[in-house]
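Thanks for coming. I will go through one chain today, and I will give the cut-offs as the terms come up.

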Amino acid sequence: MEKDSQAFEKLYPQEFLQRFLAKGLRPDGRGLTSARDVTVHVSPISGSPGSAIAKVGNTTVVTSAEVSLLDLGGDEGDDDEGRVSHALDVGPLGATHNDGSVAKTRQQVASVSGRVQGVLSRCVDLRSLKLEGEGGKAWLVGLKSVCLSLDGGLFDAALASCVAALSSLRLPGEVREVVGGGEGRESSEAVVAMEEDRAPSRPVDFLLIPAATAVSIHGDRLLADPTAFEEALAGAEVSAAWGWAPSGGGGDPELVSLEVRSEGHGRATVDADVVHRCLAVSRRRSEARWKGRCLGGAERA
């Protein structure tokens with residue numbers, strides 16, 4: 001019986017999914033607007049000053065952070081702040097897209113990474129990354145994410161992993177100059193001092209704590225946090241990220257990123273009303289994730 005079900009799913013995936021949706025259920029047993037559990041573990045990489053691993057259902061992303069000095073040119077002004085960069089690697093997991101196109105998959109991964117970087121650049125207090133009294137220098141925080149397993153929700157999981165990695169990161173408390181250089185160093189190269197007794201480290205400051213949940217569109221039905229199987233059969237998808245004040249005092253979140261894709265199965269028409277419905281679902285599920293993960297839900301590895 002199980003083999004017959006698997007064969008039917010493979011031969012007629014759309015019909016297989018619709019049989020579940022007609023009953024208000026999904027193949028993994030969730031309700032239509034139920035999201036998968038999110039688990040986060042911080043500091044799984046001992047050699048990194050900040051790291052985290054996030055799991056959304058069967059999608060797992062690990063992120064490590066590193067800090068380096070950024071020369072601001074000595075000019076005060078709009079660029080008087082640090083920066084956050086992000087790179088994403090899906091390895092063999094993303095070798096091909098559903099239609100067999102390698103290039104299309106690479107474009108999608110680049111798009112996800114760019115969105116993550118954009119959200120973090122908006123939610124992190126970049127001015128707090130500037131080094132006081134260091135002659136126009138600031139911290140450049142580089143984040144590298146690797147997808148270990150992929151079953152939909154790549155942006156959601158990558159963002160969760162990055163936020164947790166940044167939350168565990170402690171910025172060096174001091175920068176000192178090496179006069180005369182040394183082995184492997186040029187003269188007066190700036191190096192980072194991490195010793196607590198010299199200068200205490202400090203955390204990364206957030207303006208907003210972001211969380212995201214995608215919503216896929218299947219005819220007149222909306223599915224929160226779709227799996228890869230559901231993403232492939234969706235007519236369109238609305239992916240939104242929300243930001244909450246780090247104080248945790250509640251209040252309305254800010255929409256910090258929105259992407260509407262209509263290139264899936266059947267290419268559904270996405271009008272303003274549909275987007276509004278998707279945003280309502282995304283906000284509700286993202287808020288649950290924010291409360292559970294960002295306000296003390298992460299575990300230390």
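**Strands, helices and core**

I start with strand β3 (residues 59-71) and strand β5 (residues 137-149), which pair over 12 bridges in the antiparallel sense. Before going on, the ground rules: this is a predicted model, where local features need pLDDT of at least 70, side-chain atom pairs count only at pLDDT 80 or more, and totals for chains, interfaces and linings use all residues. Residues are numbered from 1 along each chain as its sequence is written, and side-chain values use heavy atoms, with hydrogens and water left out.

Two terms are already in use. Two strands pair if DSSP finds at least two bridges between them. Helices (H or I, at least four residues) and strands (E, at least two) are DSSP runs, numbered from the N terminus. On that basis the protein chain has 6 helices and 14 strands.

Back to β5. Lys 137 in β5 stands opposite Asp 71. Strand β4 (residues 83-89) runs parallel to β5, with 7 bridges joining them. There, Arg 83 is set opposite Leu 140 of β5.

Next, burial. Buried means under 20% relative accessible area, exposed over 50%, and partly exposed in between, with a 1.4 Å probe and protein chains only. Of the 301 residues in the protein chain, 42% are buried by that count.

Which residues of helix α2 (residues 13-21) are buried? They are Gln 14, Phe 16, Leu 17 and Leu 21. These residues cover an arc of only 160° around the axis, so they lie on the same side of α2. The arc is that of the directions from the helix axis to the C-beta atoms.

Pro 13 also belongs to α2. Its relative accessible area is 25%, so Pro 13 is partly exposed. Contact, from here on, means heavy atoms within 4.5 Å. Setting aside neighbours within four places in sequence, Pro 13 is in contact with Phe 8, Phe 229 and Leu 233. Pro 13 and Leu 233 are 220 residues apart in sequence, and their C-alpha atoms are 7.8 Å apart in space.

Now helix α4 (residues 154-168). Its 15 residues reach 21 Å from first C-alpha to last, close to the 21 Å expected at 1.5 Å a residue. The expected span is 1.5 Å times one less than the number of residues. Of the 15 residues of α4, 14 are buried, so this helix is largely enclosed by the rest of the structure.

That takes us to the core. A nonpolar core is a set of buried Ala, Val, Leu, Ile, Met, Phe, Trp, Tyr and Cys residues joined through side-chain atoms within 4.5 Å. The largest one has 60 residues, and Leu 120, Leu 143 and Leu 159 have the most contacts inside it. Helix α4 supplies the largest share of this core, 11 residues. Not counting residues up to four places away in sequence, Leu 159 touches Val 116, Val 119, Leu 120, Pro 210, Ala 211, Ala 212 and Ala 241.

Beyond four places in sequence, Cys 162 touches Thr 63, His 86, Val 116, Leu 120, Leu 143 and Ser 145.

On to strand β10 (residues 209-218), where 10 of 10 residues are buried. In a regular strand the side chains alternate between the two faces of the sheet. Both faces of β10 are covered, with Ile 209 and Thr 213 among the buried residues on one side and Pro 210 and His 218 among those on the other. Strand β12 (residues 236-244) runs antiparallel to β10, joined by 9 bridges. Thr 213 has Ala 240 in β12 as its bridge partner. β10 also pairs with β11 in the antiparallel sense, over 4 bridges. These two strands form a hairpin with 2 residues between them, and Gly 219 in the turn has a positive phi of about 65°.

Last, confidence. pLDDT is the predictor's confidence in each residue, from 0 to 100. The chain mean is 84, and 76% of residues reach 70 or more. Confidence is lowest in strand β8 (residues 189-193), at a mean of 46, and highest in strand β11 (residues 221-224), at 97. pLDDT also stays under 50 over residues 178-182, where the model has 10 contacts beyond four places in sequence.
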